[in-house]
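Me: Please go through some local features of the model shown here, one question at a time.

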Amino acid sequence: MAERVQCLYRVSTTKQVDHDEQDRADIPVQRKACREFADRMGWTIVGEEQETGVSGYKISANDRDKLQLIKERAEQGKFDILLVFMFDRLGRKSDETPFVVEWFCKKGIKVWSVNEGEQRFESHTDRLTNYIRFWQADGESQKTSIRTKTALGQMVQEGRFRGGKAPFGYRLEKSGILNKRKHEVNKLVIDEEEAEVIRTMFDLCVSSGFGRWRMANFLNDHGIKNRKGENWHDATICAILHNPMYKGVLRSGETYSEPFEELQIISPETFDLAQKLMQERKLENKDERHIPLNTTGQSLLSGNMYCGHCGGRLVLTTNGTVVRKADGTEIRKKRIRYVCYRKTRRRLECDGQTGYTMHILDGMVEDILHQVFRKMQAVSDELIVGTAFEKEMTLLKADLQRAKAENANANREYESLKAEVMKSVQGKSLLPADVLSEMLEEARDKLMVTSRRVTELNEELADGNARMEDLRAEYQHIVSWSEIFDKSDRATQKMICAYIIKRVTVRRDYQLDIEFNINVQQFLHGIDSLEQQCKKRKPLKARNA
């Protein structure tokens, strides 16, 4: 009676990435080879199973449905031989697959490969051979994974499209470039119609403080659909807001490209600001959060207001009051107040006011904002940023100059000692060779230390220049906000206020202590310094006149 054969075919992906011989063997090739082999051996194939897109390296045998089905059939005695094209079709995990093969053999099932013959377990050598085979397959998978990651990383760094569907906001166009298979590859270009939706999303996030749920409702309510013509889902919006591609940066795993301007839908500054806002608005950061969690409502400072007596956060409450007119008519008015949560809930002793009227407190803060706006509009970004960094950059340049001088001296000393060593070799030096060797080693160490110091200071100087450019951009943002603040809706005003003011502390009788965000504080300090310098110069000018 002919022996019964169960065949298993597998390919790792629907489109193989690596080009090893076994991975070039797709399902039809494996099936044909196994059938021909069984026919030559006089076996009868009673079952065939195939796994498409299943990695034998990444996926455990316990999670592979087809392999588990074949094990059930083995338990039931439905076949005598398990046949594969190559043994690595059973898997490539060195800590698992050898024991899968041994499991079948213990069940009385012979395990055969078309290309490698039968795997036996009659001796210790057989077991060692079995383990070494899958250890090598495991290693090849790791190498393949590294090659694939490296290739994809290089594609990303070169600005080439990795393949698949174009992200929302982009479309694919023929590039005119042929790959190794002589196929014309596609390139990403911005789709202006979709890109406008992306810009709207980031604008709602940055300017109006919208979260992903509120943003999805806004887009859907305004009839703005996704590429499939369906309503937006908040998870999709979340993925878009976190995707660095929209600032022109391509990504593959942990590899990121430099920004490509032709792919930038959102400016890097806007994208990075959106990330900062989303991170700060997370509930787990509520103690450090200064951005309003919700920008709906009429209050300007929700989330940023604190009691100056107990340090607790002030929360909004709304209640109604009845006002009686002269003619006896009653009018119900809504009253909105900031109240100390700790005092109202008696969580902590607090000797401050229970509450503060919203429109009075908001009005006082708006007046302060207008003062800040007027100050910043009166001074150019070049002047104020230069003033803020002038001392730091001057000291840094002086340190760099000294480090270069020390490095030049160390280099001259090192070269001089090398020349003296050559004289010693020629017998022309008065200094002993061992002394020269010690001096040369010390000079080399000194040269390396001073070289590292020069490199570090050059990097610090480059970072300082980059920070200056970032500050100039932020200064211009604030100046532009000052021009639109009074014309904006309350949500936008809330966000502008949160960018500028980190914390407002209020005490009895509306005594305010305002802590500005660090860059704004730096700008204002620079402006004050300039004003003081101008005051000091005026008497001198008068005397000269």
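Reply: A residue counts as exposed when its relative accessible area is over 50%, and as buried when that area is under 20%. The model is predicted.

Me: Which residues are exposed on the face of H7 turned away from its buried side?
Reply: Helix H7 spans residues 212-221, and its buried residues are Met 215, Ala 216, Leu 219 and Asn 220. These cover an arc of only 130° around the axis, which puts them on the same side of H7. The face turned away from that buried side carries the exposed residues Trp 213 and Asp 221.

Me: Which residue with a positive phi follows H7?
Reply: After H7 comes a glycine with a phi near 75°, namely Gly 223.

Me: How are H6 and H9 oriented to each other, oblique or roughly parallel?
Reply: The axes of H6 and helix H9 (residues 268-280) come within 10 Å and cross at roughly 55°. Angles under 35 degrees would count as roughly parallel, and 65 to 115 as roughly perpendicular. H6 and H9 are therefore oblique.

Me: How many nonpolar, polar and charged residues does the contact of H6 with H9 have?
Reply: H6 passes H9 in a left-handed crossing. On the H6 side the contact is made by Phe 202, Cys 205 and Val 206, and on the H9 side by Thr 270, Phe 271, Leu 273, Ala 274, Gln 275, Leu 277 and Met 278. By class, the contact has eight nonpolar residues, two polar and no charged ones.

Me: What is the phi of Asp 509?
Reply: Asp 509 lies in the loop between strand E14 (501-507) and strand E15 (511-516). This residue is exposed, with a relative accessible area of 63%. Although Asp 509 is not a glycine, its phi is positive, at about 60°.

Me: Where is Tyr 510 found?
Reply: Tyr 510 is not a glycine, yet has a positive phi of about 60°. Its place is the loop between E14 and E15.

Me: What separates the C-alpha atoms of Ala 378 and Val 479?
Reply: Ala 378 sits in the loop between helix H11 (358-377) and helix H12 (381-425). It is exposed, with a relative accessible area of 66%. Val 479 is 101 residues apart from Ala 378 along the chain, and their C-alpha atoms are separated by 9.7 Å.

Methods: Residues numbered from 1 in each chain as written. Predicted model: local features only at pLDDT ≥ 70, side-chain atom pairs only at ≥ 80, totals over all residues. Heavy atoms only, no water. Helix = DSSP H or I, 4+ residues; strand = E, 2+ residues; numbered from the N terminus. Buried < 20%, exposed > 50% of the residue type's maximum accessible area, 1.4 Å probe, protein only. Arc of directions from axis to C-beta. Axes fitted to C-alpha atoms, helices over the stretch in contact; angles between N-to-C directions. Parallel < 35°, antiparallel > 145°, perpendicular 65-115°, else oblique. Left-handed = near helix turned anticlockwise from the far one by under 90°. Contact = heavy atoms within 4.5 Å. Nonpolar A, V, L, I, M, F, W, Y, C, P; charged D, E, K, R; others polar.
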